[in-house]
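Okay, everyone, let's get going. I'll walk through a few residues, and you can follow along on the screen.

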Amino acid sequence: MEISFVSKTANAVAEVIGVAAESDRSWMGDGAYLVAALGEGFERLLDDEEFTGKIGQVVSYHTGALAPHTVVVLGVGTDPDGEAFRQAGGSLGRAAKKSVSVATTMNPEGALTAVLEGILLSQYGFNRYLSDP
């Protein structure tokens, strides 16, 4: 899987884009631009899912386009730390497990390693003793 950290989602060329939100949907990076571009249906989905940006909240939205075909919104809570970003990275990695490329605007100062670690750990699967069905 190719992983890109971008400052603007408009520059991202990936199958899946991850955007983080702090509590009360204050978007990180240019997440507000992406939300506006996706339109009212996307915001309605966030309302229906009661997404507020609390740590651990995840909402996937299938755009119907070729790239990105999925936007994953990740809650990182109020005043997020490295652990919150690691968990968000793990959620993004699980959502993009079958994808070739993923991009995210989660590029917090001092926590980039945590985001990457979460994505990489989510890709691990111990299946040595599993047999084919």
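E50 is exposed, at 62% relative accessibility; exposed means over 50% relative accessible area, buried under 20%, and partly exposed in between, using a 1.4 Å probe and protein chains only. You'll find E50 in the loop between α2 (40–48) and β4 (58–62), where helices (H or I, at least four residues) and strands (E, at least two) are DSSP runs, numbered from the N terminus. Its phi is near 55 degrees, a positive value in a residue other than glycine.

Quick housekeeping: this is a predicted model, with local features needing pLDDT of at least 70 and side-chain atom pairs counting only at pLDDT 80 or more, while totals for chains, interfaces and linings use all residues. Residues are numbered from 1 along each chain as its sequence is written, and side-chain values use heavy atoms, leaving out hydrogens and water.

Next up, R25. This one isn't a glycine, yet R25 has a positive phi of about 55 degrees. It sits in the loop between β2 (16–22) and β3 (26–27), and R25 is partly exposed, with a relative accessible area of 21%.

Now, is G18 buried or exposed? G18 is buried, at 0% relative accessible area, and it belongs to strand β2. Which residues does it touch, leaving aside neighbours within four places in sequence? G18 is in contact (heavy atoms within 4.5 Å) with V72, L74, L92, A103, T104 and T105. And G18 and S91, 73 residues apart in sequence, are 9.4 Å apart in space, C-alpha to C-alpha.

Last one: F126 is exposed, at 54%, in the segment after α4 (112–122).
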